[in-house]
Amino acid sequence: MNTNAPIEEVAAKSLRSRVFHQLEQNIISGKYPPGMALNEKHLCQELGVSRTPLREALSQLELEGLVESKPNKGSVVRGVSPKDIEDIYTIKLELEGLAAKLAAERITPEELTELEETVSMTEFYMKKGDVDKMVELDSRFHDIICKAGKNRPLRDMMSNYHNFVKLARYKSLVTTPDRIPRMLTEHRSIMQAIAAGDGELAKSLAVEHISKARVNIAKAIHEKKENE
């Protein structure tokens, strides 16, 4: 019996996860821009890994919509077009509003504490100017609300566009930093409505928040294209 197998499996999974998250962050931050071909040899050297965990990570990134396979080019970074943003946020408006309403009705004290801590941490990192951390916390804020609604089909639908939104959100906060304090104020208002158990107010505030984010992200992408 090979008693080391479980340890080896955990180590392999940990390595795959590390490679995936590093590639994901490099795409979201713009280090790997849209259209860039992801050369396996170069990436293996850069990340210090073999081809097996790299290919597994690239396959996962393709499933999540951040890369696509092209003939004679291999894996290529996908971009986010204004049409993508419009389509995704049309759906997101409805889903986020519903998620906030359900959260106000079903959130547990532990989840509410987690939500409050996320808002506090966002304020902390805003003062430090750490955009990477704020994007991560923004995603966490919405994930907690979605989880608090206790509706698995809703969570599944929202996860389908998670990375597209994260990519767009990063572009938005980097190019328009004045959006950050307003985002924080909106998050705090949504949190307070959820804490008060006011589902209709939470829904209304969430829809308003997503509407403003959509406008800001579309503007950021448009301005970036004009400057290219």
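**Briefing: a helix pair and its setting**

Helix 5 passes helix 6 in a left-handed crossing, a crossing being left-handed if the near helix is turned anticlockwise from the far one by less than a right angle, and right-handed if clockwise. This is a predicted model, in which local features need pLDDT of at least 70 and side-chain atom pairs count only at pLDDT 80 or more, while totals for chains, interfaces and linings use all residues. Residues are numbered from 1 along each chain as its sequence is written, and side-chain values use heavy atoms, with hydrogens and water left out.

**The helix 5 and helix 6 pair**

- The axes of helix 5 (residues 109-128) and helix 6 (residues 131-148) come within 9 Å and cross at roughly 165°, the axes being lines fitted to C-alpha atoms, for helices over the stretch in contact, with angles from 0 to 180 degrees between N-to-C directions.
- Helix 5 and helix 6 are therefore roughly antiparallel to each other (angles over 145 degrees).
- Residues in the contact (heavy atoms within 4.5 Å) include Leu115, Val119 and Tyr125 of helix 5 and Leu137, Phe141 and Ile144 of helix 6.

**Overall architecture**

- The protein has 10 helices and two strands, which are DSSP runs numbered from the N terminus (helices H or I, at least four residues; strands E, at least two).
- From the N terminus on, the order of elements is α-α-α-β-β-α-α-α-α-α-α-α.

**Burial and cysteines**

- Of the 228 residues in the protein, 42% are buried, meaning under 20% relative accessible area with a 1.4 Å probe and protein chains only.
- Cys44 is buried at a relative accessible area of 11%, and Cys146 is buried at 8%.
- Zero disulfides (pairs of cysteine sulfur atoms within 2.5 Å) are found in a search of the whole structure.

Note on methods
Buried < 20%, exposed > 50% of the residue type's maximum accessible area, 1.4 Å probe, protein only. Parallel < 35°, antiparallel > 145°, perpendicular 65-115°, else oblique.
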